[in-house]
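Here is a short briefing on the structure shown below. Keep the model open while you read.

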Amino acid sequence: MKFAVLTLFPEMLETIINTSIIGRALSKEIISCDIINIRDYAFNKHHKVDDYTYGGGAGMLMQAEPVYQAYQAVKEKIPDNKRVVYLTPCGKTFTQKMAKDFSKEDSIVFLCGHYEGIDERVIEDIVTDEVSIGDYVLTGGELPAMIMIDSISRLIPGVLNNDVSADIESFSDNLLEYPQYSRPYQWMGKKVPDILLSGDHSKVEKWRRRQSIIRTYEKRPDLLEKAELTDEEKKMLEE
Ligand code: SAM
């Protein structure tokens, strides 16, 4: 997977991208991430990339031309790229399902806004997807881009050590993950549920599924509406 990020603040992304699981995926060349500084494509000698908004209003807007030129540079490197994601509070809310869909692409370009956002004309021209990471407003699209890169990358085969673990966690099947425990067996007087020590895999699976359903019912009942439950499981919730 080739990622490219168009940003005014490359340094915001560099530490995160080179750390831990994503950093390892980069060094193993399972993913690549090209960070492009939009300011390098400013068309004036002061490298200014923002200006006042027509019609008045507080704050500055990123201008169309530097964003457009920065994107042309990416297109030269990834000519067959199909998805250009603009991170914006006005976009579709990002979900695990969207992460899964994006993980099937060969490349994705992310466009990070700053200040009051970006001139609409260049968004209309180059963007294929507008994505929000939630109903709140941040100062820039860099953290949202990192969130997307992180969640998409871990679904790409080889990025996590154990491919199975990405399939059976929260939001797969519209259920939250079951509780998990590690050593010691007893901590602060609390013991690990005995079933997890039974060695009976089918019983453990059954227990985990039940815990997932109960947890989703208690913490995120909205998700349960889309979960596929057996008649027996539905009955359990009614009791
Ligand atoms: N004026 C914009 C509005 O009201 O929709 C907000 C601009 S925000 C201060 C600056 C930039 O941060 C946006 O262009 C976008 O790239 C990013 N951003 C802020 N909140 C975001 C969110 N919830 N999801 C994705 N990107 C966000």
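The ligand has 20 residues around it, and the closest are L87, G113, G117, G141 and P144. The model is predicted.

**Ligand shell**
- Strand 5 supplies the largest share of the shell around the ligand, with four residues.
- By class, ten residues of the shell are nonpolar, nine are polar and one is charged.

- Five strands form an open sheet in the order 2-1-6-5-7, and the pairing is parallel.
- Strand 2 (32–37) and strand 7 (129–132) are at the edges; each has a single partner strand, so one side of each has no neighbour in the sheet.
- From one strand to the next, the twist averages 35°.

**Strand 5 and its partners**
- Strand 5 spans residues 84–93 and strand 6 spans residues 107–112; four bridges pair them in the parallel sense.
- V84 has V109 of strand 6 as its bridge partner.
- Y86 is placed opposite L111, again in strand 6.
- Strand 7 also runs parallel to strand 5, and five bridges join the two.
- On that side, V85 stands opposite D129 of strand 7.
- Which strand does each residue in the run V84, V85, Y86 face? V84 pairs with strand 6, V85 is opposite strand 7, and Y86 is opposite strand 6.
- As a general point, side chains in a regular strand alternate between the two faces of the sheet.

**Core and helix packing**
- The largest nonpolar core contains 46 residues.
- V5, L6, V67, V85, F110 and L111 have the most contacts inside that core.
- What does F110 touch? Leaving out residues up to four places away in sequence, F110 contacts F3, V5, L6, V85, L87, A145 and M148.
- One of these contacts, L87, is also listed among the residues closest to the ligand.
- Helix 6 (residues 142–153) lies across strand 1 (2–7), strand 2, strand 5, strand 6 and strand 7.
- Helix 6 runs at about 160° to strand 6.

- L160 sits in the loop between helix 6 and strand 8 (186–187).
- Why is L160 classed as partly exposed? L160 has 16 other C-beta atoms within 10 Å, and the partly exposed class lies between 12 or fewer (exposed) and 20 or more (buried).
- L160 and R210 are 50 residues apart along the chain, and their C-alpha atoms are separated by 26 Å.

Methods
Residues numbered from 1 in each chain as written. Predicted model: local features only at pLDDT ≥ 70, side-chain atom pairs only at ≥ 80, totals over all residues. Pairing = 2+ DSSP bridges. Axes fitted to C-alpha atoms, helices over the stretch in contact; angles between N-to-C directions. Contact = placed C-beta atoms within 7 Å. Core = buried A, V, L, I, M, F, W, Y, C linked by C-beta atoms within 7 Å. Near = placed C-beta within 6 Å. Nonpolar A, V, L, I, M, F, W, Y, C, P; charged D, E, K, R; others polar.
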